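My entries follow in the order in which I looked.

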There are 2 protein chains.
Amino acid sequence: MAVGDVTMPHMHVVKGVKIGSTQAYVRYPNRRDLVVFEFAEGSQVAGVFTQSAFAAAPVLLSKKHLNESSSAQQPRYLIINTGNANAATGKLGLENATKTCAKLAELAHVQPHQVLPFSTGVIGEQLPIERLLNGIQPALDTLDEASWTDAAFGIMTTDTVPKGASEQFELDGITYTMTGISKGAGMIRPNMATMLSFVATDAPISQAMVQQLLQTTVEHSFNRITIDGDTSTNDSCIFVATAQAGGNVIESSDDARYTVVLDVLTRIMNRLAQLIVRDGEGATKFITVTVEGGANTQECCDVAYSISDSPLIKTALFASDPNWGRIVMAIGKAGIQNLDSSKVQVWLGDVQICLDGGANPDYTEEMGAAVMAEKEITIRVDLGRGQAKDTVYTCDLSYDYVKINADYRS
Amino acid sequence: MAVGDVTMPHMHVVKGVKIGSTQAYVRYPNRRDLVVFEFAEGSQVAGVFTQSAFAAAPVLLSKKHLNESSSAQQPRYLIINTGNANAATGKLGLENATKTCAKLAELAHVQPHQVLPFSTGVIGEQLPIERLLNGIQPALDTLDEASWTDAAFGIMTTDTVPKGASEQFELDGITYTMTGISKGAGMIRPNMATMLSFVATDAPISQAMVQQLLQTTVEHSFNRITIDGDTSTNDSCIFVATAQAGGNVIESSDDARYTVVLDVLTRIMNRLAQLIVRDGEGATKFITVTVEGGANTQECCDVAYSISDSPLIKTALFASDPNWGRIVMAIGKAGIQNLDSSKVQVWLGDVQICLDGGANPDYTEEMGAAVMAEKEITIRVDLGRGQAKDTVYTCDLSYDYVKINADYRS
């Protein structure tokens, strides 16, 4: 059961993006498990990928293909399978990913490096490559502009809900659309490996600006969520601008239209990222952890992640226990040099629980318990040593988290 | 239920160490909650403490008192309460710890800095200082050499078993004793805050060598265990040499007797540290994570902790699921620069599950399942890039971990 409103919105069509999908029987029957995106010629594509040293074969190949793409010859297709991550699969894994791209390129009459592959699912098993290759033509046969919701379903693993966001916006009198999907029920799902997100707009944006927009917005969305502190082998996020709605190309961040696009993309990316937390494994609460008063962004993040990933805090959140000693513990272990604990303040919602490093004398358990009873909770920390601020989103740790992860493969 | 054999051994008396305890009613009735150690004049004392930026008042004061001690005027008393950590208690917390030392010093006719205070229990509440002060004389009245087991019970919080280790050894024809106790059911227990350990020998060892022995052995014992990745505000470990069994003082690590003492202390410290993991919150399995073939010790530890603290691996261990993709995920996310995944090998017990970064073709689920069915499991990783090796001890993550930590304060 996901936390809060996770309803799929109306998924506006993005001019220049078509989506096809099929059942390739990668792992389970009776489900769409192969999705193909087609982008109109002239689309500009940017990607960010997992930092894992065990990056999966499709991640390695997608990065290689993006590097080989010139601005004039950008990727035209994405191919995504669920059920198998093609991670920790060695040389054969890379060969299989390469074959997949070659086959799609051949059928679609593009260069192999114009196809980016993505996989999500079980780690350490080889792809059922014949079934996958046989699924490509059927997927191409269903290419259609109105299939975003099908795609959101088609990339799910143990997600309990499909995840999408869509907005329309206006620049110089032209109406543009931005639509995206994501999957993942943890920052990670090392088994059902992990987080994927695909966002497209029909606005005209240069390659450099597409890359800049993606990197700017991923930093505070997908790079600020955590379910369990684990990082997957397959995390990938792609942003595409097809230019098919017309208008002059946005080539600089000084262009006033850049700011509008940035705002829309920020909202879409934040929504897609937070949907993953709301659907976190076993999650019963959605937690916002804001750390301010830091000397720099890094230490704000270090403290926010120390709180967000602490199993002791996550279990207290599950139990609705305003156990603020655990928050102080997590601040203390975050590795901040020369932190003056007597300057630290902590709030649960609007209730100040820790004043100058000690218990707030005005605080009562009842006040804390009232905040903890909510489904959506904000933990706010002031480190009292600077102006930096950052926010991380997470969920609680419940019996169901253990159940899901202890039972999953059986 | 602790994992494996956690029986208290016969606790040999250490000449020059007396222990008293009483019920001071710090938090709960009907239990010993105040323990005093007395060391004979001439004892040499060393301590190591938590790295937390929110170090508790007794940690700050113990460090201060140790710094103020000359070799001739070493600490003579330890005073330890359970039920309240005196952490995140600000100025009043430090005043209370200071009062406790002053009162004991007055009653025992020593200097206040010759008393080291320790607290463990709930964070963020002030000590019931009057009850604590009133308990000191009754505790002193019971001082006795044979009370090590009473002390092991007297420092417990949510530990399910008392924890002790004891050995006798011979140096130049003299029989010496080394005995120690520890508490903690997590590397941490931020609520019932945490890990304490006290080890004493009646061998004659100089101040410098006592410190060196402690630092050397703590590094591979208490600094290599993790239950949940959380670090407490109160962790403290003390090693004392009373010299009361006679013999010439060991003043250098070149002394052949130093090596014998080091061996004994290593075994005692490893046992006391591993007992904490065996009694880890909700633990059903004891896990040894060995990482070899690293370029240096730090990266071996980074990978070992990444595996040991991964909730996804810990839940798979609980479920006896040989889910090796999760181990590969944890290696990948450990932040090792330029790791060549094609050189990585992974074993579960004696079964090689990952060969050259991919699935071992000879591996079957049945082989992995047989290892996972054991109560004591070794995960071994070879990074294939050097000669360094290190080992971390941990436990699994069960429903009971969530239950204990979600229900504890209610």
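**Where the chains meet**

I looked for salt bridges (a side-chain nitrogen of Lys or Arg within 4 Å of a carboxyl oxygen of Asp or Glu) and counted zero between chain A and chain B. I note that this is a predicted model, in which local features need pLDDT of at least 70 and side-chain atom pairs count only at pLDDT 80 or more, while totals for chains, interfaces and linings use all residues. Residues are numbered from 1 along each chain as its sequence is written, chains are lettered from A in the order in which they are written, and side-chain values use heavy atoms, with hydrogens and water left out.

I then looked up the buried area (the accessible area, with a 1.4 Å probe, that two parts lose on being put together, summed over both), and between chain A and chain B this is about 4300 Å², with 62% given by carbon and sulfur atoms. The contact (heavy atoms within 4.5 Å) takes 55 residues from chain A and 55 residues from chain B.

**The sheet in chain A**

I traced an open sheet of six strands in chain A, with mixed pairing and the order 13-12-11-14-10-15. Strands are DSSP runs of E with at least two residues, helices are runs of H or I with at least four, both numbered from the N terminus, and two strands pair if DSSP finds at least two bridges between them. At the edges I found strand 13 (358-359) and strand 15 (388-395) of chain A, each pairing on one side only.
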